[in-house]
Amino acid sequence: MSFDLSVIPNKNIVLAVTGGIAAYKSAILVRRLKDAGFNIRVVMTQGALAFITPLTFQALSGNPVHTELLNPEAEAGMGHIELARWADLLLVAPATCDTLAKFATGLADDLLSTLYLATKAPVWVVPAMNQQMWAAKATQRNLATLVDDGVHVIMPDSGSQACGDVGLGRMPEPEAIAYQVKAYFHQAQRAIAEKFGLLAGKRVAITAGPTREAIDPVRYISNHSTGKMGFALAAACYAAGAKVTLIAGPVSLDTPNGVRRVNVQSALQMLDQSLAQLQEGCDIFIATAAVADYRVAEVAEHKIKKSGDELAVNLVKNPDIVATIAQQEKRPFMVGFAAETRQVEEYAAGKLVAKKLDMIACNDVSRADIGFASDQNAMTVFFADQYQLDKRDLEKASKQEISQQLVEAIHDALHFNSLKKDEL
Ligand code: C5P
């Protein structure tokens, strides 16, 4: 089993650095964990301050460094209890004999030892010390206690030590530690997905169907979209454990079980409702709607009377809903669709970039057997470069089956990223 570098969003790690020479490696460790998408806050013991400066960790983590327990100023920022709650993992690297002894006996006389007792997060220690100190009975006894208490130990490497000795006690390289941390979060994610569904707890908004742009009180401009793809996706997302809101244009389809539906007519209404979803909190936004590109500049107040052989109606451009949402500061994971009749993949890849999407599913609507009103579809999915995921060809299948595969693609991009599926 091997893992590629991958990005794990929204997980918080408190990295505690204690007073050993290996503290210099912790600076690189912060870099590697940041690369993997973790939020990092660094705690330093008084011993660590003798080896490396807080400024280094502040610059690398992008957060203030925590060094004291009884400092009113620091406690007014993020105090020790808040820090304990913030952590999804407390990683102590390097962990000295002294730290292990404190943890094992439950002493709480500085910030780190207090944090250790106050956090519900898993605790990992990476002991690093002179080989004789590592072998000492007291150290081994303390380690056994910690393992008993549920602490995970990353074992030291063997080799030449800063003190000139050769033996067990070297802190593993930052890449190896970061790798184990990533693997742990991947496995935790996978366990959640297996138990509760691929999109467990995610809030999903989906636009679907056509929009109707009024000309006068009785006439409108629209298109042939049936909304089937969006409705099938809404059902698939709900089945995968998501909370789903369907923002539907005028279609004659039943609302899928468990899905909340908001009906709209025009593109402007669809945009308003989409922005409202963002306000309510939305993790994934999927745009399947065939939004009318133009609307009538001035909608007639009364029915337009038949007069003369020609009638000119002025049209103005509608806003691009998916692109507007993608530009918001707190944007969800954005999925777009592209229906093309030629150069399908090239145009779709262009839209992925132009609309700042995370993922786009495209199909060739010139094929008579798939697309718009059909119950079947075949698609190619592209991901934004940062996900380092290859494009996926989804073979012709029912819109339900295609939806299931799209849910998997969203899940993979969100959680596993560049993790190669066949290596799991
Ligand atoms: O540019 P084009 O219409 O081909 O882009 C298709 C994608 O953009 C679809 O995901 C569609 O739902 C979305 N879109 C939108 N608002 C528009 C036009 C398209 O959200 N005004």
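A pocket, on a 1 Å grid over the protein atoms alone, is an open set of points where a 1.4 Å probe fits, with protein on both sides within 12 Å along at least five of seven lines, and its lining residues have an atom within 4 Å of a point. The model is predicted, and local features need pLDDT of at least 70, side-chain atom pairs count only at pLDDT 80 or more, and totals for chains, interfaces and linings use all residues. Residues are numbered from 1 along each chain as its sequence is written, and side-chain values use heavy atoms, with hydrogens and water left out.

**View 1. The ligand sits in the largest pocket.** A molecule counts as sitting in a pocket if more than half of its atoms lie within 2 Å of the pocket's grid points. Helices (H or I, at least four residues) and strands (E, at least two) are DSSP runs numbered from the N terminus.

View 2. F337 belongs to strand β16.

View 3. A polar side-chain atom of K351 is 2.4 Å from a ligand oxygen atom. Backbone N or O atoms also take part: that of A287 lies 2.7 Å from an oxygen atom of the ligand, and that of I321 lies 2.9 Å from a nitrogen atom of the ligand. Taken alone, the ligand exposes 450 Å², of which the protein buries 84% (Shrake-Rupley method, 1.4 Å probe).

**View 4. Residues under the UniProt annotation "binding site" (unreviewed entry).** The record covers D293, K303, P319, D320, I321, V322, F337, K351 and K355; such annotations may be inferred rather than shown by experiment. These residues spread over 63 residues of sequence and, in space, up to 38.0 Å between C-alpha atoms. Of them, D293, P319, D320, I321, V322, F337, K351 and K355 are included in the lining of the largest pocket.

**View 5. Backbone details at P94 and Q343.** A cis peptide bond, with omega about -5 degrees, joins A93 and P94, and P94 is in strand β3 (residues 89-95). Q343, a residue other than glycine, has a positive phi near 40 degrees; Q343 lies in the loop between β16 and α14 (344-354).

Note on methods:
Polar contact = N/O pair within 3.5 Å; in protein donor to acceptor, adjacent residues only side chain to side chain.
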